Amino acid sequence: MILQSISVLNYKNLEQAELTFSPNVNCIVGANGVGKTNLLDAIGYLSLCRSAQGGSDSLNIRHGADFFMISGQYVSELGEARSVTCSLQRGCRKRVKVDGKDLKRISEHVGNIPLVLISPSDSELISGGSEERRRFMDQVIAQYDAPYLEALIRYERCLKQRNALLKQEEEPDASVLDVLEMMMSRDAAIIYAARRVFAEEFRPIFQKMYATLSRQEAEGVEIEYQSHGERGELEPILRDWRARERLVGYTLHGTHKDDLLLSLKGYPVRREGSQGQTKTYFIAMKLAQFLYLKQKGHCHTPLLLLDDIFDKLDDSRVGNIIDYVSGDDFGQIFITDTQREHLDKILAATQRDYRLFHINADQTVWNDENLKK
């Protein structure tokens with residue numbers, strides 16, 4: 001899928017922006033804080049119907065505004081046109097329109113325009129808590145498995161309700177807990193099965209990608225899926241732990257506690273890896289996510305968004321990444337950086353046409369170059 005153009009109104013710090021893109025490489029340069037990341041986040045919102053930075057949707061509305069609206073015009077690999085609009089007015093529910101038609105469920109859209117965003121915040125995959133690595137799994141699987149996304153939404157809704165009952169002072173209605181735990185158990189089985197398959201299929205793709213970027217053997221890199229689902233059905237576990245979970249006020253068992261164990265030479269990468277190895281590790285995870293989604297997709301090559309990822313990488317690793325993303329495996333790419341020099345290296349390496357955009361402090365966006373190689 002190719003994003004031909006985008007229109008952004010009142011999204012985060014972007015008051016208004018309208019851009020037309022190259023079907024191949026798009027580079028965006030500007031100082032910190034001018035809106036480069038928010039522009040990529042707006043592109044991501046059209047695919048995932050949420051900000052990559054998380055939080056309430058209302059936080060995405062520009063200060064002083066009452067709404068935001070993002071519209072994108074796409075064309076598929078088969079030449080089919082598609083329009084997507086995401087909007088939110090304060091106090092109202094989010095609206096997603098595809099070709100002018102309102103969608104009732106987000107799961108109807110997520111996955112139709114697969115996308116991978118790589119940014120410095122992805123370092124949280126290594127240094128952050130287990131919720132970051134669960135979010136990583138969810139963002140991958142939800143883009144090719146709609147029943148998984150629906151099960152995840154139901155599970156999280158029931159988990160929230162169960163936790164609220166566990167927190168209340170009076171004894172909760174056992175019959176209500178019975179129903180919630182039955183529903184959580186059913187959806188946890190779906191989530192666990194999908195994550196287990198993903199981990200097994202993803203591991204060799206990631207290991208090969210790490211070796212490619214580091215230009216050496218995979219250095220003993222390993223990803224292992226750890227889940228409460230390995231202990232069997234969730235419902236009896238929840239029932240047995242009710243009394244103890246009443247004491248702490250939240251649910252201690254379930255797929256919301258799953259994790260990916262990331263290791264380097266047999267040790268946790270957060271403890272063992274150098275700064276360069278750690279950054280190569282999470283970039284390899286995200287590029288492997290791209291290849292995995294491309295493999296799972298139906299005539300849809302994911303969009304690839306690289307947000308200021310070259311900082312704190314040595315020249316050899318920067319060169320390896322540039323060489324790789326300039327190859328034929330990738331479709332449309334969006335790259336931001338504060339340094340024009342980094343982007344010039346990318347543009348010199350690619351044999352495909354490109355567009356280079358500048359954003360200045362007042363968010364005036366223009367094309368510096370629009371060239372075919």
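Tutor: A pocket is an open set of points on a 1 Å grid over the protein atoms alone, with protein on both sides within 12 Å along at least five of seven lines; a 1.4 Å probe fits at the points, and lining residues have an atom within 4 Å of one. This is a predicted model, in which local features need pLDDT of at least 70 and side-chain atom pairs count only at pLDDT 80 or more, while totals for chains, interfaces and linings use all residues. Residues are numbered from 1 along each chain as its sequence is written, and side-chain values use heavy atoms, with hydrogens and water left out.

Student: Which residues lie nearest the centre of the second largest pocket?

Tutor: Ala-52, Gln-53, Ser-121, Asp-122 and Gln-139 do, out of 27 lining residues. The space there is about 510 Å³, where a volume is the space filled by probe spheres set on points joined across faces, edges and corners.

Student: What makes up the lining of the second largest pocket, by element and by class?

Tutor: At least two residues each come from α1 (36-48), β8 (115-118), α2 (124-127), α3 and α9 (275-296), and α1 has the largest share, six residues. These names are DSSP runs numbered from the N terminus: helices are H or I of at least four residues, strands E of at least two. By class there are nine nonpolar, ten polar and eight charged residues, with Asp, Glu, Lys and Arg as charged, Ala, Val, Leu, Ile, Met, Phe, Trp, Tyr, Cys and Pro as nonpolar, and the others, Gly among them, as polar.

Student: How many residues line the largest pocket, and which element gives the most?

Tutor: The largest pocket has 37 lining residues; Arg-50, Leu-149, Leu-152, Ile-153 and Glu-156 lie nearest its centre. α4 gives the most, ten residues. The lining counts twelve nonpolar, eight polar and 17 charged residues, and the space is about 1200 Å³.

Student: What is the kink angle at Phe-202 in helix α5?

Tutor: About 35 degrees, shortly before Pro-204, in a helix of residues 174-214. The bend is the angle between axes fitted to the seven residues ending at a residue and the seven starting there.

Student: Why are β2 and β7 said to stand at the edges?

Tutor: The open sheet has six strands in the order β2-β1-β4-β5-β6-β7, paired antiparallel. β2 (14-20) and β7 (101-102) each have a single partner strand, so one side of each is left without a neighbour in the sheet. Further in, β5 (residues 81-89) and β6 pair over four bridges, with Ser-87 facing its bridge partner Arg-95.

Student: What is the phi of Asp-99 and of Lys-265?

Tutor: Most residues other than glycine have a negative phi. Asp-99, in the loop between β6 and β7, has a positive phi near 50 degrees. Lys-265, in the loop between β10 and β11 (267-268), has a positive phi near 55 degrees.

Notes
Pairing = 2+ DSSP bridges.
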